[in-house]
Amino acid sequence: MTTAPAESWHTPAGGGGAIAKLLRARRLGWWAARIGIALARLWNKPLRLGQRVIVARHDHVQEVLRRDLDFLIAPVNGDRFEAIGFPFILGKDRAMPLAQERATLYRALSRVEMAPLQATLEGAITARLGTGAHSIDIVGDYARPLAGSTARALFGIAPADEPAFLDAARAIFAHCFLNLAGDKAVEARALAAAAQLSAWFTTEITRRRAAGALGEDLMGQLLRAGADDDLVRRSLGGMLVGSIDTTATVVAKVMAVLIADRALLARVAADHADPARMAAWCDEALRRWCHVPLLGRQAAGATELGGTQIPASAQLILWTQAAMCDPDAFPDPATLRPDRPSGAYLHLGGGLHPCAGRAINRWQIAMLVGGLVARGPQRLAPIEWAGPFPAHARLSLAGL
């Protein structure tokens, strides 16, 4: 793989620190996960190294995610959400405010009609992959802008400056979820982007209230449910930042996995018109190259996990990619097949804190990948990176 700076998210070629390098490592990540789970099964309990605990067995990872009063998320990323002014449910631990905000958000989301969004995306995919196209940048000209269009329609803001909108979402995502080392340049970008995003939301919320036309999108449903302006802004902003680059990254990584295994690509292509099968194939391909192979939690107090004593404030590293190679949850884990139980996958978190936009990401990613495999993908040029994010990846196409 090669690296290059994106035009708009100004990270030096190959930059982004250790987290970026981890997210760019395809073959190394897959083989490390398989070796890691083999060692974890021999040890048969989480590995404690002082105040750090590596959790790799599938059942142990699931237990951590379920025990959200013992293993907290707020100490991991809550401060970064607070700093940018978007305190969101994915940075909060179990308490009454979280319960109320989760209920309000998910109730509003359930009332949004997804069919028009899916129809619009289907039309955009057809337009981008017109029969005359023989290659396409599947990130810069396909997955990222189309995911951005879905986000604009779902969340209710449509800034005239689309590149600025995409960059704001990326900058906030980079800081809130990936800036574990506290890079000040990444933080400064996020703070500026968050102010811009807040202004866009505030302007639109004010306009709708004044006009008495709340809309049928997620913003409208939240306003109709009685959410105040701050909760609407925070909820929409928190969901939005993970909806665009998560989709673009997953599409790039799934296609890289498929192109590297022509027999697998042929099997996936045969299912391109079946959304459920395509979503399952994407889940499987992501086991080989996870968009996020690790999750973090912090112990609230001294406790025990799988036979390992966990001290108070210990940092837990949940090695989700290794867990998805655990034969107890994924029999014959080296083989990719689309008939595995969907509840076993850990790509979108779990327990109290699954990805808030998982329902949208699932159909959107399946549609985007399905559109590409239907066109006879031939060769994928090396991915160009902007820190931890795929920036460009040109795919040659055979035809319909």
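1. Outside the four places on either side of it in sequence, Y142 contacts I125, R128, L129, I136, D137, M367, L368, G371 and L372, contact being heavy atoms within 4.5 Å. This is a predicted model, in which local features need pLDDT of at least 70, side-chain atom pairs count only at pLDDT 80 or more, and totals for chains, interfaces and linings use all residues. Residues are numbered from 1 along each chain as its sequence is written, and side-chain values use heavy atoms, with hydrogens and water left out.

2. Y142 is also one of the residues, with I138, L218 and V369, that touch the most other members of the largest nonpolar core, a set of 91 residues. Such a core is made of buried Ala, Val, Leu, Ile, Met, Phe, Trp, Tyr and Cys residues joined through side-chain atoms within 4.5 Å; buried means under 20% relative accessible area, with a 1.4 Å probe and protein chains only. Helix α12 (residues 245-259) gives the largest share of this core, 10 residues. Helices here are DSSP runs (H or I, at least four residues), numbered from the N terminus. A separate core of 20 residues includes V53, A299, A323 and L346.

3. Q221 belongs to helix α10 (residues 218-224). Is Q221 buried or exposed? Q221 counts as buried because its relative accessibility is 7%. Beyond residues up to four places away in sequence, Q221 touches A108, R111, V112, G215 and E216. From Q221 to R288 the separation is 67 residues in sequence and 38 Å in space, C-alpha to C-alpha.

Key:
Buried means under 20% relative accessible area, exposed over 50%, partly exposed in between (1.4 Å probe, protein chains only). Helices (H or I, at least four residues) and strands (E, at least two) are DSSP runs, numbered from the N terminus.
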